[in-house]
Amino acid sequence: MPILKTKYGRRSFLKASALSGGGMMLGFSWLASCQPGGNHALSNIPKEWFDINAFLKIADNGLVTIISPNPEGGQNIKTGMPMIVAEELDVDWNDVTVEQAPLNTELYTRQFIGGSQAIRQGWNSLRMAGASARHMLREAAAQSWSVPVDEITTEAGVLKHPSSGKSAGYGEMAGAAANIPVPEEVKLKDINDFMIIGTSRKNVDGKKIVTGQPLFGIDTYVEGMLTAMIVHPPAFGMKLKSVDDTAVRSMPGIRDVFTLKVLQDDFERQHFDTCTFLEVVAIVGNSTWEVMKAKQAIEVQWEPFESYTEERTFYGGGKRTLTIPSGLENSSDHGTMMTREAAQSSTVVRKNGNPEMAFRNAARVIEKTYTAPFLAHNCMEPMNFFAHVTSEGAVVKGPLQKAELTEHTLSARLGLPLEKIDIQMTRLGGGYGRRSYAHWVTEAALISQKMNAPVKLVYSREDDMTGGIYRPAYQATYRAALDADNNLVGFHINAGGLSDSPLYANRFPAGAVDNYLAESWTLNSNITIGSFRAPRSNFIACAEQSFLDEVAEATGKDPIDFRLELLERAAINPVGENNDYDAARYAGVLELVREKSNWDQPSSGIHRGVSAYFCHNSYAAQVLDLTIEDGKPIIHNVCCAVDCGIVVNPDAASNLAEGAIVDGIGNALFGELTFKDGVPEKNNFHQYRMIRMSEAPRNIDIHFVDNGIDPTGLGEPTFPPAFGALANALYRASGERVYVQPFYGRGQQLDVRN
Amino acid sequence: MATFSLNVNGKKHQVDADPATPILWVLRDHLNLVGTKYGCGIAACGACTVHLDGVAVRSCQLPVSGVGDKTITTIEGLSEQGDHPVQKAWLEHDVPQCGYCQAGQIMSASALLESNPNPSDADIDAAMDGNICRCGTYTRIKAAIKTAASN
Ligand code: FES
Ligand code: FES
């Protein structure tokens, strides 16, 4: 049984005394709507709640409220995190209600969506929150019954002293437990004793979602609230010149029109302060439709900007100066520019052995180049935020991935101390990285400040899609050197992109090939970029896994065998240092997917592609089955093996993994944003093709490796390999390798080989 | 501005609005029925789907002046207790991820089953292709529609 130090002391656990003068009274409807599973609560409304620590409170009747610290954007974290607390607290899940925490950096750490890290990094603190509360309840019972604490057991919310037969519900001891000191160490459950973790529990907000309850930021309406929209430049490389708002000011329902400097020129930018358009026009009115009409009528003049630089402090430390070049860019030029940049300014990031010699002496060299375009996140809920800024402080509310960092930006921009900024987190209608960059929160706050009124800023779909912060356009060239016996003796990757490089130099097959060279470059662009689900991996996995498939074929080997041989080499006798993956776990998912997909007994007429990838501390391998009918890919099945350690909520985890696979296939087939003279060539879903039901896989099987290892990420790891599995299956179907994403973007017909 | 009388979820409402205002914004901004979602405003995503006399329509394309005395049903009015067979099937399959598209999906699915109680896969695809789910819950949506059909 692991014992953990509760490094969270009094401050972070907010060890509460019993609420004096009676706890919080809660209404019937609140309980009804928050109750995840059972019906226990309805007949049993508590009179008093006791805060045990920052993660949970217990009512006098035994109901438990667990506070979910991280924002919920579809990862189902609002169910998963409380399950971990409930497990160690040892309560009946039917007695648990879940509440979303606001941003509170005193009480919680890392209230983020990002990097698939919530469960991994929350694992110990959530377990400790539950276990230390359980300990305090046991102490309270021991004191009350005058028996040694070690003799007190618990079972589903009941404290028991077996030898005397005494027992009490948690609710009866909660008041006393709140006064017990937080233990310095707690015993955690043995993972074999888990009763909640590892069992599927329904989404705690499921009922609210299917009945259309107001959960999302865009659903915020308060008394006296105004609606605001912005007008931003139509092209990257342009800035505001002048506004003629005469026609608009007198339109019905319009309250004000003004320009807005989102960040001042000398603003000290942090990692997520990417702001595409530094100055925008705000239109404020009584209702959305009235503002939308004014938005169409307003006349704004734009002009090209001069190139400029900005200092940025990046997440994790380093300061860098970014150059934002002037000019109206064209996607049709980007390919040539990237190829020139790759030739002229690549830097070596990793080198093992003597790759030059390996290539010189090779019996055969295979060289392929892969490209992918900019992608827009296209969260279904467009960017929006509520703000009410007064001299007293700022209350902002909405969907946000990195509230803790946004708070600093708001504080600096509004000139308010951090403690005067209250960020309320709503459910996110998708994030995928886009809501880490919170310029729209600043815009909302500045508009509210100017209007001296509560304001909800809403982006139109067009504003959202053409507003920048895209997945960068990338290019990678791979070379493989084979000796006369078809052994892979040299490997060379040269990768870069617009404002970012997708290279992970220490990732497979680094460590598996004696002579290895990885080079990187970036080319400045004024088309802004940002995190997009599994950043960089979302491109490089496809390039790497397509290339390995091609090399495997050239050597006459089965694509899974070929990868397994390389992984065996990396496990037994790794080349170089800092290889970032565990070769045995990597091979494990390939073995599992081989078995579960019946790889060795393929069905006739079905074309299969395999792919495997490691990112966000987890491993995923996929086999995708398709046929081509009438020139269109029909995806029959995706079989996916995942190693993310212990799975907290299996059905929800499968849902997340399935969604990431659909997302990967959709982006690989259709995802693309191109530019002409700086103008995005798509601005809404009639042009930007998203995967739809008829194009989605007909079946997806997710298989988790059961290894009892502490959990790692899941929101991202099944996304990158889907691109490669699709690419490899398309090749089997058509006999043509695909190198350029999207594979089906222009609706081109795909050929069938047989 | 003009006054319109609307029948939404079995209740009569008077609304003062520009006649061109899409029902989507009347529901959200005027009637505080925010379950119906804005996704694209151009009939390309399905997030705003409601029933007009039982037929699935995109409320972002339906001006308030075009409703007349037809009845509107939104996600909030699909059932009294959230126990419409489609809603129950959605919970059974734990369909939602972010959940933003799901009201529109449920309204499209329930209209489909109303007119075609036993849809084939192709029927489901045809009825649901107008509804984007950015989180990619399509396989669960389809399974839930089949469960709802069988109940
Ligand atoms: S908002 Fe109406 S279809 Fe997208
Ligand atoms: S559940 Fe997120 S868009 Fe469908």
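**Figure 1. A salt bridge between Glu658(A) and Arg140(B).** The side chains of Glu658(A) and Arg140(B) form a salt bridge, with a distance of 2.9 Å from N to O. The model shown in this and the following views is predicted. Between chain B and chain A the count is six salt bridges. Polar contact, with both residues at pLDDT 80 or more, is found for 28 residue pairs between chain B and chain A.

**Figure 2. The side of chain B that touches chain A.** Five helices of chain B each give two or more residues to this side: H1 (23–30), H2 (85–92), H3 (102–115), H4 (121–128) and H5 (138–150). The largest share, five residues, comes from H5(B). By residue type, the side of chain B that touches chain A divides into 25 nonpolar, 16 polar and 12 charged residues.

**Figure 3. The contact area of chain B and chain A.** In this view, 53 residues of chain B are in contact with 61 residues of chain A. The area buried between the two chains is about 4,700 Å², and carbon and sulfur atoms give 57% of that area. Gln97(B), Arg134(B) and Tyr138(B) supply 17% of the area that chain B buries against chain A, more than any other three residues.

Figure 4. An α-helix has 3.6 residues a turn, so residues three or four places apart point the same way.

Figure 5. Lys146(B) and Asp121(B) form a salt bridge in which the closest N and O atoms are 2.8 Å apart. Lys146(B) belongs to helix H5 of chain B and Asp121(B) to helix H4 of chain B, and the pair links parts of the chain that are 25 residues apart. Lys146(B) counts as partly exposed, at 37% relative accessibility. Asp121(B) is also partly exposed, with a relative accessible area of 35%.

**Figure 6. A salt bridge between Asp558(A) and Arg594(A).** Over all chains, a search of the whole structure finds 45 salt bridges. One of them joins Asp558(A) to Arg594(A), whose closest N and O atoms are 3.5 Å apart. Asp558(A) lies in the loop between helix H14 (537–554) and helix H15 (559–572) of chain A, whereas Arg594(A) lies in helix H16 (residues 583–596) of chain A, so the pair ties together parts that are 36 residues apart in sequence. Asp558(A) is partly exposed, with a relative accessible area of 24%, while Arg594(A) counts as buried at 15% relative accessibility.

**Figure 7. A buried salt bridge between two strands of chain A.** The side chains of Arg608(A) and Asp625(A) meet in a salt bridge of 2.9 Å, N to O. Arg608(A) is in strand S27 (residues 607–615) and Asp625(A) in strand S28 (residues 618–629) of chain A, and this pair links distant parts of the chain, 17 residues apart. Both Arg608(A) and Asp625(A) are buried.

Conventions
Residues are numbered from 1 along each chain as its sequence is written. Chains are lettered from A and ligands numbered from 1 in the order in which they are written. This is a predicted model: local features need pLDDT of at least 70, side-chain atom pairs count only at pLDDT 80 or more; totals for chains, interfaces and linings use all residues. Side-chain values use heavy atoms; hydrogens and water are left out. Contact means heavy atoms within 4.5 Å. Buried area is the accessible area (1.4 Å probe) that two parts lose on being put together, summed over both. A salt bridge is a side-chain nitrogen of Lys or Arg within 4 Å of a carboxyl oxygen of Asp or Glu. A polar contact is a pair of N or O atoms within 3.5 Å; within protein, one must be able to donate a hydrogen and the other to accept it, and residues adjacent in sequence count only if both atoms are side-chain atoms. Helices (H or I, at least four residues) and strands (E, at least two) are DSSP runs, numbered from the N terminus. Ala, Val, Leu, Ile, Met, Phe, Trp, Tyr, Cys and Pro count as nonpolar, Asp, Glu, Lys and Arg as charged, and the others, Gly among them, as polar. Buried means under 20% relative accessible area, exposed over 50%, partly exposed in between (1.4 Å probe, protein chains only).
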